[in-house]
Amino acid sequence: MPRTGVFICHCGTNIAGTVDIDKAVEASRNFPGVVHADEYRYLCSEMGQDIIKKAIEEQDLDRVVVGTCSPRMHEATFRKAAAEAGLNPYLLEVANIREHCSWVHKDMGEATPKAISLLRAAAAKAALNTALEAPRLDVEKRALVIGGGIAGIQAALDIAEAGYEVDIVEREPSIGGRMAQLEKTFPTLDCSACILTPKMVEAAQHPNVNLLTYSEVEEVKGFVGQFDVKIKKKARYVDSVKCTGCGICWEKCPSKAPSEFEMGLAKRKSIYVPFAQAVPNVPVIDRDSCLYFRKGRCQICEKECPPQAIDYEQQDEIIERRYGAIIMATGFDQLDPTIYGEYGYGQHPDILTGLEFERLFNASGPTGGKIVRLSDGKPPKKVVFIQCVGSRDKARGMNYCSKICCMYTAKQAVLLKEKVPDAKSYVFYIDVRTAGKGYEEFQRRAAEEYDVAYLRGQVGKIFPEEDHLVVRGVDSLSGRLIEINADMVVLAAASIARCDAPEVGRLVGINSDSYNFFNEAHPKLKPVETHTAGVFIAGACQSPKDIPDTVSQASAAAVKAIGLLSKDKLQGEACTAEVNQAECSGCLYCEAVCPYSAISPVEIEERYHGGTLKRTVAEVNPALCKGCGSCTVACRSGTINLKGFSNEQILAEVDAICLQR
Amino acid sequence: MTTESGKKSRLIEEMKAQSGQDPNSCYQCGKCSAACPVTAALDLMPHQVIRYLQLGLEDELAESKTPWICASCFTCAARCPRDIDLARMMEGIRLSVLRCREGNKFGPADLTPEQLEKLPQQALVSGFRKYNK
């Protein structure tokens, strides 16, 4: 018979207000195996913990039941106290008599017997508890950052500076991401490239940072501290070691394709670097447009390349490495506004998205930095900006606010006025949202000093007439219809998650919300953690974000990763599944349902009628198992048990509640 | 939905029941008014009609010509980012105005047993629905 002690907490009046503590203590003394029962006003306090510790020692207790708040709150506190008194922490059981009882009832006459039932169940379970040990796991002192935009670069640099190795995997030929596409940044109007390129170069030159550009993560196995990752390094058809980045190849290349970096507004060559400051400054050959790969002739780049770096035979390469932590920084896309027929996007060259318009400002952009209409090359005199194209739209777009559009529209209107002084901007908005340091001041400056007309309303139709675009909208404040003969229209299209975010998330075992943005573990208190230990998120892959927020989040994610890498050993999960292999029939239903790939088939030998018989059974890797219990439910013969939550323990709880009368 | 004096508006409750649309979903972006082909002919723009509903201005709504000019072309409903079917709402207002406008035209007690026998049941029920307060 166990020697169980029961301790009941008042939690001030949180529990004592609806549960008669004295009655509960009295009842507890009569549970099977209970040799000691006590109560205290705040059991989680130092004094409260001392009462438990003292009783364990003096009463020689080998099981402890605490009737307190939810185990999510203080199970760790009480287990630690038990361990300090020399008891295996897994021999302590929590009866949740606050969230499950006192908080949901008003009547003491009802709540008290329920609390007693919960305590009786916990005591019955505790009697069957066994001492458990959490496994100690190794930590690979290297981090993987997926995505080489400003979030990935910042996180990688922080980790590298802390003294750990870090690899950045970037899908595109260069790091830099969305920020590299921007001309100026709000609200200070510093040139985006001027503040980004030093960081790109720093990442390339840092001894602890390893850039894997034009690469994608193929497979992630393992667990926190030991992620085994397969990375596909796509063939560039250019030898990165030999290439000097002289640029002769892309100057001479005769074939062209739309430039992804210029949002399709300009062409690039088939052998190309996406932009002038690309890091690494090593081109790639785009097989789909290259004459040699399409038709088998040309090879001009190969002939012209001074260091003979062109290699048409190069193959995709698979790199396998182990990492202790992973940071997801995969960024965002822009919504395609063609779904809004009334705006006519895609049907007229002077109707652009915000990111497309941004490229017009850039000196190396499609117009060489001149703000002109793509239809006739003339500078626009009237530009209409439309906000919330796909944002805050539950009917056809995204229900959320994209957060950055109000500010970048104000920025673009200001920049426009500087480049084309006689241009007039009109902004159709629903609400102006400019929360951020210096943001409101900037937007007001645009309206007051740069003559930007803010019209509170939306646009119902845009259509071409003669050489301009007729924009029909409404100003809801004056209740008037507004018709503007615009030269150009800029649509602030919603920021959306990458289209393949769910698949990429699945690779590393993290989930996404209904918009495909990655989920954080807690919206307030764990903003960069995920539900998968060792995987962190940063930047616009979590939700639309501006640069300051992205950089802050990237540094936060880096700190979490550094904290993990700095540990010599990690404590694993003690409550894992175990298979009684003598009873296992080897159906492997458990393997199919395990979300952590912790179960695999194994062949065992058994003695059978004097001989030996080989058969397949299931085996659990305790390092991978998170103790979710899916396998125990799937197991047809009930031969998988979850340590700490065995079938016997759960049934003992049920019996203790049902058989008491 | 309550009027300025805090009293529930019968017209607006009736309109909600008829159309199944909730004026509170509207954030007044004005897209409906910008899209409506007859906005210029309206005394209240479509988004203003919803604003009046939100504020419970039932008497002013009952006076407005807008619901009667609305041709139910559904452009507003197709464009609304809040998924409100304004055309349906306008129809709801028209019905509610009719039902709430005057006092009882007649009640069951006004009918003679012969009339009750001869009148088709459907007409009877729909008559009461429309004209009975």
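The entries below follow the order in which I looked things up.

**Entry 1: what kind of model**

I noted first that this is a predicted model, and I kept that in mind throughout.

**Entry 2: chain B**

I began with chain B. Its secondary structure comes to nine helices and zero strands, and from the N terminus on the elements run α-α-α-α-α-α-α-α-α. I then checked burial: of the 133 residues in chain B, 36% are buried. I also looked at contacts in chain B between residues at least 6 apart in sequence, and found that 66% of them join residues at least 24 apart.

**Entry 3: where the chains meet**

**Entry 4: an open sheet in chain A**

Next I traced a sheet of five strands in chain A. It is open, its order is β10-β7-β6-β18-β29, and the pairing is parallel. β10 (209-212) and β29 (535-537) of chain A are the edge strands, each pairing on one side only. From one strand to the next, I read an average twist of 20°.

I looked more closely at one pair. Strand β6 (residues 142-146) and strand β7 (residues 165-169) of chain A run parallel and are joined by five bridges. Val145(A) has Ile168(A) in β7(A) as its bridge partner.

Which helices lie across these strands? I found helix α5 (residues 150-161) of chain A across β6, β7, β10 and β18 (325-328), running at about 165° to β7(A). Helix α14 (residues 547-565) of chain A lies across β6, β18 and β29, at about 170° to β18(A).

**Entry 5**

Is strand β22 (residues 424-429) of chain A enclosed or open? Five of its six residues are buried, so the rest of the structure largely encloses this strand.

I followed its pairing next. Strand β21 (residues 382-389) of chain A pairs with β22(A) in the parallel sense over five bridges, and Phe385(A) has Val427(A) as its bridge partner in β22(A). Strand β23 (residues 453-456) of chain A also runs parallel to β22(A), with four bridges joining them. There, Tyr426(A) stands opposite Ala453(A).

Then I looked at the helices that link these strands. β21(A), helix α11 (residues 405-419) and β22(A) make a right-handed β-α-β unit. Another right-handed β-α-β unit is made by β22(A), helix α12 (residues 439-449) and β23(A).

**Entry 5: the nonpolar cores**

A general reminder to myself: in soluble globular proteins, nonpolar side chains tend to be buried together.

The largest nonpolar core has 163 residues, and those touching the most other members are Ala143(A), Ala155(A), Ala156(A), Ile327(A), Met328(A) and Val489(A). Which element gives the most to this core? I found α11(A), with nine residues.

Leaving aside residues up to four places away in sequence, Ile327(A) touches Ala143(A), Val145(A), Ala155(A), Phe536(A), Ala538(A), Ala557(A) and Ala561(A).

I also found a second, separate core of 43 residues, with Val19(A), Leu91(A), Ile116(A) and Leu118(A) among them.

Terms used:
Residues are numbered from 1 along each chain as its sequence is written. Chains are lettered from A and ligands numbered from 1 in the order in which they are written. This is a predicted model: local features need pLDDT of at least 70, side-chain atom pairs count only at pLDDT 80 or more; totals for chains, interfaces and linings use all residues. A residue is buried if 20 or more other C-beta atoms lie within 10 Å of its own, exposed if 12 or fewer, and partly exposed in between; C-beta atoms are placed from the backbone. Helices (H or I, at least four residues) and strands (E, at least two) are DSSP runs, numbered from the N terminus. Two strands pair if DSSP finds at least two bridges between them. A crossover is right-handed if, with the strands pointing away from the viewer, the path from the first strand over the helix to the second runs clockwise. A nonpolar core is a set of buried Ala, Val, Leu, Ile, Met, Phe, Trp, Tyr and Cys residues joined through C-beta atoms within 7 Å. Two residues are in contact if their C-beta atoms, placed from the backbone, lie within 7 Å. Axes are lines fitted to C-alpha atoms, for helices over the stretch in contact, and angles run from 0 to 180 degrees between N-to-C directions.
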